Amino acid sequence: MTLTATTAANTVTAAARTFAPDVLAGRTALVTGGSRGIGAATALALAAAGADVAISHSGSAERAEEVVRRIGALGRRAAAYRADQADAGQVAALVAAVAADFGRLDVLVNNAGVLAGGRVDEPADEEALRRQLAVNVTGVTAAIRAAATRLADGGRIVTIGSNLAARPGLPGLADYSATKAAVTAYSRSAAQELAGRGITVNVVQPGSVHTEMNPEDGPHSDAQRAANALGRYGRPEEIAATVVFLATPAAGFITGGVLSADGGTFS
């Protein structure tokens, strides 16, 4: 049976209750690209679980400040930072600033990402593809490197990937899929290198999720719904709940993992 939007929302609410409101109390999280979509939902979910939360954005200052306001309403400390995820220097400076301003860093969520499509048998938009590679891969690795020396022992690194890293999707997504596969491989190696300090490194691979980048009423929405067992789009809050779980002490034995949150995508 296909879940309605109301039923899905109730499912998210029920899932959120599995986390004690103070399970992440005293911890600080950074969510890149946290002004909208999955990033904003994740920032709010981490705050609801007790964390202070910093978010980054590349230009959506008004939206970012609204997320900060909503986090503050939960009684948590929050701040927004402008940083271009395509610039490794800005990403490193962002991580350093958050650790300094909040006095600690416990959770890094690499969420910022862009999508540049194009079939492999057609002329490419080289500039768009370069930026996609810079944001989706270099920006992630720069954040992990910068965080590695600042995260508290037992810290958490979670990167938002895509199920397209493991499965072919619609035509025109080969380059995007490759960037997501790259950060999965990087995360597995980083998990081994940071394990001695109890820092876990994992990837969450969403499927079709209703966001501005991929709205559930978009031109290919019927095909995307038909490709997963639940027959619907996911909600940003459902991905956020998955990230929060990986950030909690309960997930301390999960590292180097790839957790699919894609409704049972089978093609």
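# Close-up views of a predicted model

**View 1. Asparagine 163 and its surroundings.** Asparagine 163 touches Gln205, Pro206, Gly207, Asp262 and Thr265, leaving out residues up to four places away in sequence. Contact here means heavy atoms within 4.5 Å. The residue lies in the loop between strand 5 and helix 6 (174–194). Helices (H or I, at least four residues) and strands (E, at least two) are DSSP runs, numbered from the N terminus. Asparagine 163 is buried, because its relative accessible area is 7%. Buried means under 20% relative accessible area, exposed over 50%, and partly exposed in between (1.4 Å probe, protein chains only).

The model is predicted: local features need pLDDT of at least 70, side-chain atom pairs count only at pLDDT 80 or more, and totals for chains, interfaces and linings use all residues. Residues are numbered from 1 along each chain as its sequence is written, and side-chain values use heavy atoms, with hydrogens and water left out.

**View 2. The largest nonpolar core.** This core has 31 residues. Leu46, Val53 and Ile55 have the most contacts inside it. Several elements each supply at least two of its residues: strand 1 (28–31), helix 2 (37–48), strand 2 (52–57), helix 3 (61–73), strand 4 (105–110), strand 5 (151–160) and helix 8 (236–247). A nonpolar core is a set of buried Ala, Val, Leu, Ile, Met, Phe, Trp, Tyr and Cys residues joined through side-chain atoms within 4.5 Å. A second, separate core of 28 residues includes Ala99, Ala142, Leu151 and Ala191.

**View 3. Isoleucine 55 and its contacts.** Residues up to four places away in sequence are not counted here.

**View 4. Alanine 29 in strand 1.** Alanine 29 lies in strand 1. This residue counts as buried, because its relative accessibility is 0%. Alanine 29 touches Leu46, Asp52, Val53, Ala54, Leu105 and Val107, not counting residues up to four places away in sequence. Leucine 46 is 17 residues from alanine 29 in sequence, and their C-alpha atoms are 7.6 Å apart.

**View 5. Helix 8 and alanine 247.** Helix 8 has twelve residues. From first C-alpha to last, helix 8 reaches 17 Å, close to the 16 Å expected at 1.5 Å a residue. The expected span is 1.5 Å times one less than the number of residues. Helix 8 is mostly covered, with ten of its twelve residues buried. Among them are Pro236, Glu238, Ile239, Thr242 and Leu246. Alanine 247 also belongs to helix 8. Alanine 247 is buried, because its relative accessible area is 0%. Leaving aside neighbours within four places in sequence, alanine 247 is in contact with Leu24, Arg27, Leu46, Val107 and Arg156. Alanine 247 and alanine 29 are 218 residues apart in sequence and 9.2 Å apart in space, C-alpha to C-alpha.

**View 6. Helix 4 against helix 5.** Helix 4 (residues 88–102) and helix 5 (residues 126–148) pack at an angle of about 35 degrees, with their axes 8 Å apart. Axes are lines fitted to C-alpha atoms, for helices over the stretch in contact, and angles run from 0 to 180 degrees between N-to-C directions. Ala88, Val91, Ala92 and Val95 in helix 4 meet Thr138, Gly139, Ala142, Ala143, Ala146 and Ala147 in helix 5. These contact residues divide into eight nonpolar, two polar and no charged. Ala, Val, Leu, Ile, Met, Phe, Trp, Tyr, Cys and Pro count as nonpolar, Asp, Glu, Lys and Arg as charged, and the others, Gly among them, as polar.

**View 7. Asparagine 202 in strand 6.** Asparagine 202 has its place in strand 6 (residues 200–206). Asparagine 202 is buried, because its relative accessible area is 2%. Leaving aside neighbours within four places in sequence, asparagine 202 is in contact with Ile157, Val158, Thr159, Leu246, Ile254, Thr255, Gly256 and Gly257. The C-alpha atoms of asparagine 202 and glycine 256 are separated by 5.3 Å, and the two residues are 54 residues apart along the chain.
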